[in-house]
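Me: I would like to learn how to read a structure like the one below. Please take it feature by feature.

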Amino acid sequence: MAVRIRMKRMGRKHRPFYRICVMDSRKQRDGEAIEEIGTYDTSVVDKSKRVEINMERVDYWMSVGAKPSENVATLIKKVKKNKFGTAAAPAPLTAPKEPAPEPEPEEASTEATEAGSEETTAEETPSEG
């Protein structure tokens with residue numbers, strides 16, 4: 001029997017929670033586990049408290065031939081070295097944009113005066129001919 005140490009997904013939609021389990025590799029992801037040896041909760045803010053693993057049981061199962069999945073191997077390595085990093089700060093909140101001011105009716109009258117001044121300048125310039 002090929003034994004793997006892998007994660008079993010629990011929780012609800014968009015809020016995953018994982019149990020770290022020792023399972024037969026032929027079982028389905030959420031199937032029956034031989035033994036549950038830890039948890040991994042992605043929603044915990046403090047990264048060092050996201051993972052709880054019984055390292056004695058991990059060492060035992062690895063000594064009898066169980067192989068961890070890639071993700072579990074990464075978690076085990078981080079627990080052993082105690083290197084979790086820090087969580088990124090949430091993005092700062094930005095104020096909503098103010099709507100652009102509506103044009104005032106005075107602009108229409110200034111356009112008319114500009115058009116009139118263009119006509120007068122055209123009349124004042126002598127044409128060659």
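Me: Leaving aside neighbours within four places in sequence, which residues is methionine 7 in contact with?

Reply: This is a predicted model, in which local features need pLDDT of at least 70, side-chain atom pairs count only at pLDDT 80 or more, and totals for chains, interfaces and linings use all residues. Residues are numbered from 1 along each chain as its sequence is written, and side-chain values use heavy atoms, with hydrogens and water left out. Contact means heavy atoms within 4.5 Å. Methionine 7 is in contact with Tyr18, Arg19, Ile20, Arg29, Tyr40, Asn71, Val72 and Leu75.

Me: Which members of the largest nonpolar core touch the most other members?

Reply: In soluble globular proteins, nonpolar side chains tend to be buried together. A nonpolar core is a set of buried (under 20% relative accessible area, 1.4 Å probe, protein chains only) Ala, Val, Leu, Ile, Met, Phe, Trp, Tyr and Cys residues joined through side-chain atoms within 4.5 Å. Here the largest one has 18 residues, and Ile5, Met7, Ile20, Tyr40 and Ile53 touch the most other members. Among the elements that each supply at least two residues of this core are strand E1 (3–12) and helix H2 (70–81).

Me: How many bridges join E1 to E2?

Reply: Strands are DSSP runs (E, at least two residues), as helices are (H or I, at least four), numbered from the N terminus. Two strands pair if DSSP finds at least two bridges between them. E1 and E2 run antiparallel and are joined by 10 bridges.

Me: What is the bridge partner of isoleucine 5 in E5?

Reply: That partner is proline 68. E1 and strand E5 (residues 67–68) run parallel, with 2 bridges.

Key: Buried < 20%, exposed > 50% of the residue type's maximum accessible area, 1.4 Å probe, protein only.
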